[in-house]
Amino acid sequence: MAGGGRQVDGTGQAGRIAVVTGGAQGIGLAVAQRLAADGVTVAIWDMDADLADRVAATLGGRAFGVDVADTGAVARAAETTQKALGPVSILVTSAGIAGSNGPVTAYDPAEWRRIIDINLTGTFNCCRSVLPQMQALGYGRIVTIASIAGKEGNPNAAAYSASKAGVIGLTKSLGKEHAGENIAINCVTPAAARTRIFDQMSQTHIDYMLAKIPRGRFLDVAEAAAMIGWLCSEENSFTTGAVFDLSGGRATY
């Protein structure tokens, strides 16, 4: 069976099975490419099933159309992935949305719920469904994608900031719950990267984010994939429940 923890290369990754949510584009795509280059078989879970199929074909992996906010759909995807490829030992939760910008006093409650459901509950659903496979293997690596907004709180982006703060808290709890197992669960908090998520934001908000980054530029997705790739590796055998910044100097704690 594939993915059972064979260590046949320098990274200890070849033969493993990874799920990357939102892996058809942006940071998720860069991570999927990085893992595939390390010999990992990648299952892309993405709402855009057609795009995911095309991307997976280039990586030698598989694609599954999944709405991460749908608890039942995520559970079925985890089962289907295991049957098709083998038990999952790596999970990167990159699926997420920015939502619209505006003050809380005028914010649409339905939009608030949609952002929380996808960004926070979606991460919960994926971790909850895949962790039993890792426990059965006796090995696992999970990296959740939060945001610097989850630490600082961006004005006119309260729903997004709150959802990402929740992801940070969820990750810390999971790290402690599984600290006695060979399962490392960590979080990254990127500053903005120029991906299609910018299409959901106002130019004023984009300019605000750039002005807050001391490096004076946006994050490159390959830079994010490099850090996440290490967090997914056997080399990361001690750190868990931690938050790793990709903020270009913006983070102060």
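Reader: What makes K151 buried?

Author: In this predicted model, K151 has a relative accessible area of 15%. Buried means under 20%, so K151 is classed as buried at 15%.

Reader: How do you know that K151 and D245 form a salt bridge?

Author: The closest N and O atoms of D245 and K151 are 3.2 Å apart. The rule asks for a side-chain nitrogen of Lys or Arg within 4 Å of a carboxyl oxygen of Asp or Glu, and the pair at 3.2 Å therefore counts as a salt bridge. The two residues belong to distant parts of the chain, with D245 in strand β7 and K151 in helix α5, 94 residues apart.

Reader: Why is D245 called partly exposed?

Author: D245 has a relative accessibility of 29%.

Reader: How many salt bridges does the rule give, and which residue pairs with R16?

Author: The count comes to 6 salt bridges. R16 pairs with E234, and their closest N and O atoms are 2.4 Å apart. This pair also links distant parts of the chain: R16 lies in the segment before β1 and E234 in the loop between α8 (221–231) and β7, 218 residues apart. R16 is buried at 1% relative accessibility, whereas E234 is partly exposed at 23%.

Reader: What are the values for the salt bridge between E223 and R217?

Author: The closest N and O atoms of E223 and R217 are 2.8 Å apart. E223 is partly exposed at 32% relative accessibility, and R217 is partly exposed at 42%.

Reader: Why is strand β1 described as largely enclosed?

Author: In β1 (residues 17–21), 5 of the 5 residues are buried, so the strand is largely enclosed by the rest of the structure. Both of its faces are covered, with I17, V19 and T21 buried on one side and A18 and V20 on the other.

Reader: Which strands does β1 pair with?

Author: β1 runs parallel to β2 (residues 41–46), to which 5 bridges join it; A18 stands opposite V42 in β2. From β1 the chain crosses through helix α1 (residues 26–37) to β2, a right-handed β-α-β crossover. β1 also runs parallel to β4 (residues 90–93), to which 4 bridges join it, and V19 has L91 as its bridge partner there.

Reader: How do you know that the buried residues of α2 line one face of the helix?

Author: The buried residues of α2 are L51, A52, V55 and A56. Seen down the helix axis, they fall within an arc of 130 degrees, so they line one face of α2. On the other side, D50, R54 and A57 are exposed. What covers the buried residues includes α1, β2 and β3.

Key:
Residues numbered from 1 in each chain as written. Predicted model: local features only at pLDDT ≥ 70, side-chain atom pairs only at ≥ 80, totals over all residues. Heavy atoms only, no water. Buried < 20%, exposed > 50% of the residue type's maximum accessible area, 1.4 Å probe, protein only. Pairing = 2+ DSSP bridges. Right-handed = clockwise from strand over helix to strand, strands pointing away. Arc of directions from axis to C-beta. Contact = heavy atoms within 4.5 Å.
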